[in-house]
Each structure stands twice: as C-alpha cells, then as structure tokens.
Amino acid sequence: MALPVYASPLERVWYYTYRVICALIFIFLIAPILIIIPLSFNADPYFTFTRAMLHFDPAGYSLRWYDNLLTFGMTLPGALRDGAWWSDVWHNAQWVQAAKNSVIIGFFATILATVLGTIAALGLSRPEMPYRKLIMAILISPMIVPIIITATGLFFFYSDIGLSGTYFGVILAHATLGIPFVIITVTATLMGFDRSLVRAAQNLGAGPATTFFKVQLPLITPGVVSGALFAFVTSFDEVVVVLFIGSHAQQTIPRQMWNGIREQISPSILAVATILVAFSIVLLTVVELLRRRSERLRGVTPS
Amino acid sequence: MAQAETHDPGEPLRTVDGMPLKSALARASRRARIRAFLLVAPLLVFVLVTFAVPIGQMLSRSVVNDQFSANMPALGEWFDENGKADPDEAAYAALAADLATSYADKTAGNVGTRINYEIAGTRSLFTSSARKAKDLKPPYKEALLALDPGWGKADLWAAMRSASARATLNFYQAAVDRKIGADGNFETAPETNRIYIKLFIRTFILSVVITALCLLLGFPVAHLLAVLPLRHASLLMILVLLPFWTSLLVRTTSWMVLLQSQGVVNDVLVKLGLVSDSNRLEMMYNQTGTIIAMTHILLPFMILPLYSVMKTIPPAYARAARSLGATSWTTFRRIYLPQTVSGIGAGGILCFILAVGYYITPALVGGADGTLISNQIAFHMLKSLNWSLAAALASMLLAAVLILYWAYDRLVGIDNMKLG
C-alpha cells in the first residue's frame with residue numbers, strides 16, 4: 001500500500017500515523033513474550049531490570065534460575081556434578097519429572113487425536129457424508145465449550161468409572177481437546193484435494209488401502225502434521241483438566257507452573273517460560289514450512 | 001445405439017444384471033453414505049463418550065437432589081403426604097427418627113450441608129441434634145424444640161420440604177440469587193447476598209469490553225497485513241502467530257511480571273516521571289489486569305479471521321470510489337467497512353465465546369473483582385464443594401456459549417474455521 005501521489009497533506013499525516021499505531025499494536029503483541037527472556041537471566045530474584053542489567057554488567061546476569069530448574073526437588077543438589085548427579089536430576093528433579101509427564105501425555109494424546117481425527121476428516125470431506133454440519137459441530141465443540149465445564153464434567157465421569165488420577169484418563173481427555181484442531185486442519189487440506197486422483201488410482205487397480213497410503217496420504221501429510229502439532233501444543237499447554245482429574249503423579253509442566261505462579265512466583269517460572277517460548281518459535285517455524293510445502297504440493301502458488 | 005432403439009419407453013432402464021437403474025443408483029449412493037459415515041463413526045463415538053456424556057451427566061447433577069432426600073426417608077414421606085401443612089407431631093417424630101439414623105450412618109453432616117446451602121448457619125443444628133436424637137422421647141416436637149428452638153422456624157421447614165424432592169430447580173434459583181422464604185415460595189435474596197447475577201453481568205460486560213478492544217486493536221493490524229506486499233506481510237504475520245503459539249501460562253506470567261507494582265511497566269512510568277514512586281499504578285489483581293491480559297491473549301483470534309476476509313477484498317473498489325469523488329473517509333466507511341462485516345462478525349463472536357468461558361487468566365491476574373463466572377464454578381467445585389450449584393452455573397454458561405456457537409455457525413459456518 002504505497003502512498004498515492006494524489007494524497008492530500010492530511011492523508012499523508014494519517015498514512016504515517018496509521019503505521020505508527022500498527023507498530024505500537026505489534027509491540028503490544030510481541031513485547032510481553034520477548035521481555036521475559038532477558039528477565040529470566042536476572043541474577044537477583046526480581047521481576048524487573050536491575051541497574052546492573054541495564055548497564056549490561058555481566059554480574060547482573062546469571063543462569064541460576066535455569067540451574068534451579070534442574071536442582072529443585074533433587075535429593076543431593078550440592079553434590080559434585082558427575083554421572084550420579086545427573087541421574088539424580090533425571091529421577092528426582094520436579095521440573096524434569098513434569099517435562100517427562102507432559103511429553104508422555106502429549107505424545108499419546110496426539111497419536112490418538114491425529115489417527116481418529118484424520119480418518120474422520122476423510123469421511124467428513126466426502127460430498128456424500130450424511131448430517132455433515134451437525135457432526136462437524138459436535139466434533140469441533142470441545143474447542144468451544146469453556147474448559148471449566150469440560151473439566152467439571154470429566155471430574156464426575158472419571159471418578160465414577162475410576163479413571164481419575166490415571167495417565168490414561170488424562171490422555172483421553174487431552175485427545176478430546178486436540179481433536180477439533182486436527183479436524184479443522186485436515187479438512188482444510190482435503191478441501192483442495194483433487195478427488196479425480198483417487199478415481200484414477202482406483203481405475204488403475206489400486207485397492208482402498210493402497211489408494212490412501214500411496215496417493216491421498218502423501219498429499220495431505222502437511223495438514224496432518226500441523227494438526228498433530230496443534231493437538232500436541234493443546235495438550236502441552238493444558239492445565240485445568242489436569243488440575244481436576246489428574247493426581248500428583250500426573251504433574252505436568254503447566255500444572256507445575258500454575259502451582260508456582262499461585263504460591264510463590266519465582267524467576268524459575270521465567271526460565272521455564274523462556275524455554276517454552278523457544279519451543280513455540282520452533283513449532284511455528286515447522287508449521288509455516290509445512291504450510292508452504294502443502295501449497296507447493298497442491299500446486300497453489302502463494303498469492 | 002442399438003440398445004436405445006430396442007428400449008421400450010414404458011419399461012424402466014436396467015443395469016446389466018437386470019436391476020432397475022434407479023434403485024441401483026440409490027443403492028450405490030446409500031453405500032457411499034454408509035462408507036463415509038463409518039469413517040467418522042469411531043471419532044464420533046469417542047467424542048460422545050469422552051465429552052458429551054460427561055457433560056450431560058454433570059448437567060443432570062444440577063437438578064438431582066439426593067443429598068437430603070436419600071438420607072431423610074421418613075421426613076420425605078411425611079412431606080409427600082402432608083404437602084405444605086404445618087409440621088405436626090408426626091413430622092417431628094419422622095425428623096427425630098431420620099436424625100437418629102443419619103447419625104448412625106454418619107450422613108448428618110451431608111444433610112446439614114444441603115440445608116446450609118439454603119439457610120446459612122444451619123449445618124451445626126443438624127449435626128448437634130443428630131448426636132442426641134437417639135435419646136429423644138415423645139412428644140418429639142417438645143423434645144426437639146427443647147434441644148434447639150431453631151427447629152420450629154418456618155423457613156427451615158420450607159427448606160427441608162424443597163430439599164426432600166428428588167429433583168429440584170433450587171440450584172438454578174440459587175444461581176440467579178433467589179432463595180426459599182418462610183412461606184416456601186422463592187424470593188430474591190437480600191441485597192448483600194446477590195452475587196451471581198452481578199457475576200453474570202460482570203462476565204458479560206468484561207467480555208464485551210475485551211471483544212471491543214480486540215476489534216479496535218485487531219482491525220488496523222489485519223488491514224495492514226492484508227494490503228502489504230506478501231513478503232512483508234508474512235514477516236509481520238509471525239508477530240501475530242508467535243503469541244498464538246505461545247503457552248497461555250507463559251503469556252499470563254509475562255503480564256504478571258509486567259503489570260505488578262514493582263514490575264517493568266510501573267518502573268518505566270516512574271522513570272519517565274509520569275507516575276510518582278509512592279503512587280504506583282495498581283494494574284494487577286483487578287479488572288484492569290484481566291482486561292489487558294485477556295485482550296492480548298485473544299487478539300490473534302480477532303486478527304486471523306479479519307485478515308482472511310480482508311485479503312479477498314479487491315482494492316479496485318476503493319480506487320473506483322476515490323475516482324468518483326469520495327473522500328478517503330467516505331471510501332472507508334461506505335466501501336471498505338461493509339465488505340469486512342463478515343470478518344468482524346466471525347472474529348467478534350469467536351473472541352466473545354472464548355472470553356465468556358475464560359478461566360486461567362482471570363484466576364491468576366483477576367484478583368477479587370476481575371474474576372468471571374468460570375472462576376465461581378471452579379470455586380464451588382474445589383472449595384465450597386457445592387457441586388450441584390456448580391453444575392447449575394455451568395449449565396447456564398454452557399447454554400449461553402451454545403447459542404453463540406449456533407450464531408457463529410449461521411454467520412461463518414463451522415467448516416470455514418481456520419487456524420493460522
């Protein structure tokens with residue numbers, strides 16, 4: 001949107017004001033996420049920039065909060081940092097346990113949501129699918145219904161059938177929450193899928209399984225993978241359901257953060273937050289690359 | 001052509017194996033429908049079992065009323081027979097018998113808690129009387145009144161009468177700040193006890209404010225992204241998508257860090273001399289904190305639908321309007337804005353739906369007056385343990401959300417929902 005030559009002085013002023021306003025909104029969007037990164041290297045237990053930090057004095061910065069992530073909950077945090085120390089970290093440090101739980105729950109929930117979601121998306125994208133809109137509305141609803149209502153419902157249901165406080169229960173619940181994302185991304189990819197390719201494959205003698213694995217799946221893989229990433233992030237970031245139906249054994253990273261924020265907020269939280277931001281940057285990059293690949297595969301030129 | 005000539009017009013067309021073509025087609029399309037449905041069926045069953053059934057079961061809890069009625073059978077029988085009559089000796093006898101059994105079964109506390117929901121401070125009446133109920137002698141009315149004159153109160157009997165029904169709308173009445181009066185009819189709770197109506201109104205107002213702020217901030221950004229050349233736009237898009245992908249708790253934490261009284265925002269304001277050091281702004285643990293943090297969190301949900309609509313608006317219309325003599329303001333108001341309405345609707349409803357049910361951020365930065373209805377549900381679930389009231393509040397919230405969801409579907413269509 002270049003400034004046209006016939007623009008009046010007032011329009012010129014507005015043109016630049018508008019850019020400044022947009023820049024400020026972008027700062028509002030991104031600054032809160034970036035500001036915690038330097039703060040997590042604070043040498044003092046404060047949540048603001050100390051004088052030493054502002055003068056770029058190396059003494060003002062430290063890795064102590066990251067170190068704290070490893071040592072918190074260990075039996076012998078002060079011991080010599082050899083193999084035994086690291087084994088202690090792996091088995092006892094609370095944040096490490098939380099990370100392990102998050103990964104385990106996230107992994108299985110993602111697998112479940114992606115497999116079921118992709119198969120369902122194949123059916124939903126067929127023109128002959130009956131009650132398409134209604135079924136779609138039901139499948140998307142876990143994303144729309146307030147999380148507290150879902151958590152409350154699962155709390156009663158799981159205590160009745162004995163699933164509360166189990167990994168299996170949390171995995172099922174997280175899979176349910178991730179399903180809408182898989183459905184949305186995979187059906188969006190299938191919208192641009194050329195159905196005549198399937199007919200061509202069948203014409204050439206391929207069975208339904210061969211057609212799916214050799215023709216359809218390679219073309220929709222980018223959509224499936226971004227759906228899976230969405231599902232994983234949903235599980236990885238979920239705290240309310242875990243609070244309601246998980247026991248202490250299912251302590252995940254968000255739950256540990258939640259406890260940390262509610263009780264005594266320490267800069268260790270900022271160190272975790274920084275790691276999670278780095279993680280989301282990686283995820284965003286992967287999803288963006290996948291989207292471009294999908295467009296290339298489907299022959300859509302980026303406009 | 002040979003076949004067409006031999007075909008008799010009165011005879012229906014047939015397939016090779018002699019079946020009428022019409023029914024063969026119907027059969028084929030029925031099979032295709034079944035195949036499509038079978039692909040969806042596993043997930044549908046999964047979502048129904050792990051999502052719809054639990055929520056339905058939870059909602060039924062809002063009318064189930066067995067906490068009192070299951071433990072006080074004799075009194076329930078008396079209420080069935082005598083309706084709204086004043087309690088006579090038989091009623092007191094039933095009460096004494098039930099109290100004695102409930103003490104033996106250790107359910108007196110539950111029974112008292114149920115009545116305590118209606119009339120505060122009555123739980124101890126039940127527990128202490130139940131302890132001595134076994135030794136009571138007839139006439140029971142005098143004996144119970146001697147134990148505690150509170151048993152004679154009309155509003156207590158009204159509360160017990162309504163608690164004896166197996167199903168009740170009491171919890172919905174409580175959720176709209178109404179309670180049982182002495183005459184057994186519902187009346188509005190005293191001014192100081194009316195919290196839920198206020199909370200619903202506050203949730204609504206805060207959600208409107210947050211949605212409006214998202215629109216105000218999201219509109220210019222979405223417009224800029226839509227009109228910039230793609231390579232610049234996709235760079236700026238990262239600034240929108242990164243918050244979208246970042247953990248909710250991380251974003252809430254960073255707002256807590258920024259907004260606290262010794263935090264970065266206050267420090268900057270003090271340095272700039274805008275605020276004196278002794279007079280730092282209170283931006284957290286109140287409504288301001290909730291509004292700022294939630295606007296930031298929901299902003300991408302406004303920008304993305306707006307952007308996808310704005311990208312499809314051809315710039316030629318605006319140029320045509322200008323060449324016909326419209327000022328830039330008129331062009332925006334009469335030509336551009338009407339074309340973005342569907343995006344505003346989509347983003348607005350989405351933000352509003354998400355804001356109304358928000359829990360985490362208000363719980364962490366909301367303090368006392370920045371919390372929403374979800375926080376009250378969580379309070380009744382985890383702290384006060386009045387699960388029926390929690391279920392009643394949840395069903396009211398759910399009804400509101402489902403209406404909005406339906407509106408979203410009518411306006412945008414669920415299958416047009418996009419992510420990133």
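## The interface between the chains

How many residues of chain B are in contact with chain A, and how many residues of chain A do they touch? In this predicted model, 92 residues of chain B are in contact with 91 residues of chain A. Putting the two chains together buries an area of about 8,400 Å², and carbon and sulfur atoms give 81% of that area.

Polar and charged pairs are also found between the chains. There are 13 residue pairs in polar contact between chain B and chain A, counting pairs in which both residues are at pLDDT 80 or more, and the side of chain B that touches chain A takes its greatest contribution from helix α2 (residues 21-60) of chain B, with 21 residues. Two salt bridges are counted between chain B and chain A, and one pair that meets in a salt bridge is A:Lys133 with B:Asp409, whose side chains come to 3.6 Å, N to O.

## Salt bridges within the chains

Over all chains, a search of the whole structure finds six salt bridges. Side chains of opposite charge can pair when their charged atoms come close. In chain B, B:Arg280 forms a salt bridge with B:Asp267, with 2.9 Å between the closest N and O atoms. This pair links distant parts of the chain, as B:Arg280 lies in the loop between α14 (264-271) and α15 (287-310) of chain B and B:Asp267 in helix α14 of chain B, 13 residues apart. Are these two residues buried or exposed? Both B:Arg280 and B:Asp267 are buried.

In chain A, the side chains of A:Arg291 and A:Glu288 meet in a salt bridge at 2.7 Å, N to O, and A:Glu288 also forms a salt bridge with A:Arg292, where the closest N and O atoms are 3.7 Å apart. An α-helix has 3.6 residues a turn, so residues three or four places apart point the same way. Both arginines count as partly exposed, A:Arg291 with a relative accessible area of 38% and A:Arg292 with 44%.

Which residues make the nonpolar surface patch of about 610 Å²? The patch is made by A:Ile104, A:Phe107, A:Phe108, A:Ile111, A:Val115, A:Ile119 and A:Tyr167. Its largest share, six residues, comes from helix α5 (residues 94-124) of chain A. A:Ile119 is placed in helix α5 of chain A, and this residue counts as partly exposed because its relative accessibility is 32%.

## Buried positions

A:Val186, in helix α8 (residues 167-191) of chain A, counts as buried because its relative accessibility is 0%. Apart from neighbours within four places in sequence, A:Val186 is in contact with A:Thr118, A:Ala121, A:Ile220, A:Gly223 and A:Val224. A:Ile220 is 34 residues from A:Val186 in sequence, while in space the two are 7.2 Å apart, C-alpha to C-alpha.

In chain B, helix α9 (residues 154-164) is largely enclosed by the rest of the structure, because eight of its 11 residues are buried. The buried residues of this helix are B:Leu156, B:Trp157, B:Ala158, B:Ala159, B:Met160, B:Ser162, B:Ala163 and B:Ser164.

## Positive phi angles in loops

Although A:Tyr131 is not a glycine, this residue has a positive phi of about 50°. A:Tyr131 lies in the loop between α5 and α6 (132-144) of chain A, and with 64% relative accessibility A:Tyr131 counts as exposed.

In chain B, B:Leu385 is likewise a residue other than glycine with a positive phi, here near 60°. B:Leu385 is placed in the loop between α19 (373-382) and α20 (387-411) of chain B, and at 46% relative accessibility B:Leu385 counts as partly exposed.

Definitions and conventions:
Residues numbered from 1 in each chain as written. Chains lettered and ligands numbered in written order. Predicted model: local features only at pLDDT ≥ 70, side-chain atom pairs only at ≥ 80, totals over all residues. Heavy atoms only, no water. Patch = residues over 30% accessible without salt bridge, like charges linked within 9 Å, V, L, I, M, F, W, Y side chains within 5 Å. Areas by Shrake-Rupley, 256 points an atom, 1.4 Å probe, with all protein chains shown as cover. Salt bridge = Lys/Arg side-chain N within 4 Å of Asp/Glu carboxyl O. Helix = DSSP H or I, 4+ residues; strand = E, 2+ residues; numbered from the N terminus. Buried < 20%, exposed > 50% of the residue type's maximum accessible area, 1.4 Å probe, protein only. Contact = heavy atoms within 4.5 Å. Buried area = accessible area lost by both parts, 1.4 Å probe. Polar contact = N/O pair within 3.5 Å; in protein donor to acceptor, adjacent residues only side chain to side chain.
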